[in-house]
Amino acid sequence: MGLLTKGTPLTWAETIPHIEYIKKHGIKQFINLYHRLKSRHGDQLKWGDEIEYTIVKFDHENKKVRVSCRAEELLNRLQAEEQVNAMLGTANRFLWRPEFGAYMIEGTPGMPYGGLIACFNIVEANMKLRREVVKKLLKKDETCLSISFPSLGVPGFTFPEVAADRTNDDAANSIFWPEQAVFLGHPRFKNLTKNIKGRRGSKVAINVPIFKDEKTPSPYVEDLSSFGGPDDTRDAKPDHIYMDHMGFGMGCCCLQVTFQAVNVDEARWLYDQLTPITPILLALSAATPIFRGKLSNVDSRWDIISASVDDRTREERGLEPLKNSKWVIEKSRYDSTDCYIYPCSVGYNDIPLQYDDAIYQQLIDGNIDEPLAKHIAHMFIRDPHQVFRERIEQDDEKSSEHFETIQSSNWMNMRFKPPPPDSPEIGWRVEFRPTEVQLTDFENAAYCCFVVLLTRMIISFRLTYLMPISMVTENMKRAQQKDAVLNQKVFGSEKCGPPSQDMEEMSIDEIINGKKNGFPGLISLIRQFLDSADVDVDTRCTISQYLNFISKRATGEISTLAHWTREFVQSHPAYKHDSDVNDTIVYDLLKKMDAISSGEDHCDKLLGCYRSKTDHAISAAVRKAEEHMIVSSQKRAH
């Protein structure tokens, strides 16, 4: 979720005259913020997850399932309870926010989890309660699933059913996606869609490789004549699934985790150390093999989202000689990061960075060190899309809105997040962004806790397995391939050392579980960290369940959701082995998913036999210990 400021949004044409002003003042805001808070130290580890949910409606009589566009109504009710609790001084157990789709809601814990390892006992329980709270507001034929809906863009995929209208500029002239499928309760989402199209000069073009089954035509050329004319479909490629709207990417659901660091240096260190791990988690969490009702040859939504918000002009994409644009830009604004930001990591930055010399100089003149200045200046080659008429003039000492409007729309696999300018509670943070959302609360909790434990292990042991940043980009591409966790190898390093291109290719299994006479494996290192920590029996049991589950996902003994979904589709009696996933298959698939996610059914192939001991509240003794730890850390900081 990005910046949710209220106001009158400017169109792209109205934004253009203000772009340089916004960038200049956005950089000024960052410089002021950085120097005001760079000495902030002693913040406790806090972290929290963000889970996006899809609301679906079953038509049992006709065996169809559609997304239910009731998110605004549901959010109004959920947020009303938040406001009542705030007035009464009662802590919220969760917070709810809008997302791109009119059928999506985002849920987070009401308060961040603390630094005690015992907090892992409540993560899954909080996720379960979130789901239960939403389900209580649903109609009897509706449910809440933490998945990306496989039939986005199929005719009639929404309830109420609304046809796409390619003449509708508010829906970016899509031949598949109606305006009403976008969350319209906040101007951000509709405006982003229009302004990305406006800057690009055309609607977005998403082409995903089709999965070639035994009866899939070769070449696969979909007849799109019923959707629009040749001009509407000219970007469609043979052997690909074609999509043409931001919603096909941003309308998918994801799982993200944000960590608060002790200080800015630790945040930058964590940003760099977690960056090479992002492709590993992308492959391990693969969950999205179906797009627009067709089996694809990829298992992840990552590149689809990247293309769905690709606002580069033809010149910036290298399709025309540079005339009005400054650069040929290699990536979309949603992609893997191009540089490390901790000073000792810069030797691994082997991708030439594009940045505006004036912006870079403004940062250097503002006493921002070179690695961080380059990172910020590189982000600011992107233009703002979300500008509000009432918010152009700001106090750069008190606001960071112009900075955040660009920062929050650079959607990379990692995000470095400065504190808000007016929040004494929130410190320097990093956001881990690549993980695919999982079907069950157990899985989502397992992935969140695994990444949090990685941060604790990295900081405690001061280990680094950095690699050239170009190899992270390559690993992100490999991690999205079909069954990447089983079949792909990614670049990695078995030992710490100076920057080198001499990297070994390792399987996901070898990176997670270790290699004989080689890399010990991330899980082994986490267990070594736990052995050195004071962990109670219940917590160690919970963590062991999660680590064992992740371990078996890496070996393939437990399937990823993507692999399980493919097998379900290919064994379904209505599947004709032609890559088409029809209404009946999707209905049965989501009925099965709903039964598994609600606990009515259990699937060993997807989940194994693991269970965790989880509760929605931390015991009083643990809470007291956490408070003691906070007080002690504050005393040390002073």
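Where in the chain does Lys331 lie? Lys331 is found in the loop between helix 10 (302–308) and strand 12 (334–335), where helices (H or I, at least four residues) and strands (E, at least two) are DSSP runs numbered from the N terminus. The model is predicted, and local features need pLDDT of at least 70, side-chain atom pairs count only at pLDDT 80 or more, and totals for chains, interfaces and linings use all residues. Residues are numbered from 1 along each chain as its sequence is written, and side-chain values use heavy atoms, with hydrogens and water left out.

**View 1. The whole chain.** The chain holds 23 helices and 17 strands, and its C-alpha atoms fill a box of roughly 70 × 60 × 60 Å along the principal axes. Among contacts (heavy atoms within 4.5 Å) between residues at least 6 apart in sequence, 76% join residues at least 24 apart.

**View 2. The surroundings of Lys331.** With a relative accessible area of 11%, Lys331 is buried. Its side chain makes a polar contact of 3.0 Å with the side chain of Ser336, and another of 2.6 Å with the side chain of Asp338. A polar contact is a pair of N or O atoms within 3.5 Å; within protein, one must be able to donate a hydrogen and the other to accept it, and residues adjacent in sequence count only if both atoms are side-chain atoms. Leaving aside neighbours within four places in sequence, the residues in contact with Lys331 include Arg312, Ile351, Arg382 and Thr473.

**View 3. Helix 20 and what covers it.** Helix 20 (residues 561–570) is largely enclosed by the rest of the structure, because eight of its ten residues are buried. Among the buried residues of helix 20 are Trp564, Arg566 and Phe568. The cover over the buried residues of helix 20 includes strand 10 (290–291), strand 11 (294–295), helix 19 (537–555) and helix 21 (583–597).

View 4. The buried residues of helix 8 include Glu266, Arg268, Trp269 and Tyr271.

**View 5. Two cis peptide bonds.** The peptide bond from Phe159 to Pro160 is cis, with omega near 0°, and Pro160 sits in the loop between strand 6 (158–159) and helix 5 (187–200). A cis peptide bond also joins Ser218 and Pro219, with omega about 0°, and Pro219 belongs to the loop between strand 7 (206–209) and helix 6 (230–233).

View 6. Lys63, in the loop between strand 1 (46–59) and strand 2 (64–68), has a phi near 55°, a positive value in a residue other than glycine. Lys63 counts as partly exposed, at 39% relative accessibility. Asp483, in the loop between helix 15 (469–479) and helix 16, has a phi near 55°, and at 11% relative accessibility Asp483 counts as buried.

Key: Buried means under 20% relative accessible area, exposed over 50%, partly exposed in between (1.4 Å probe, protein chains only).
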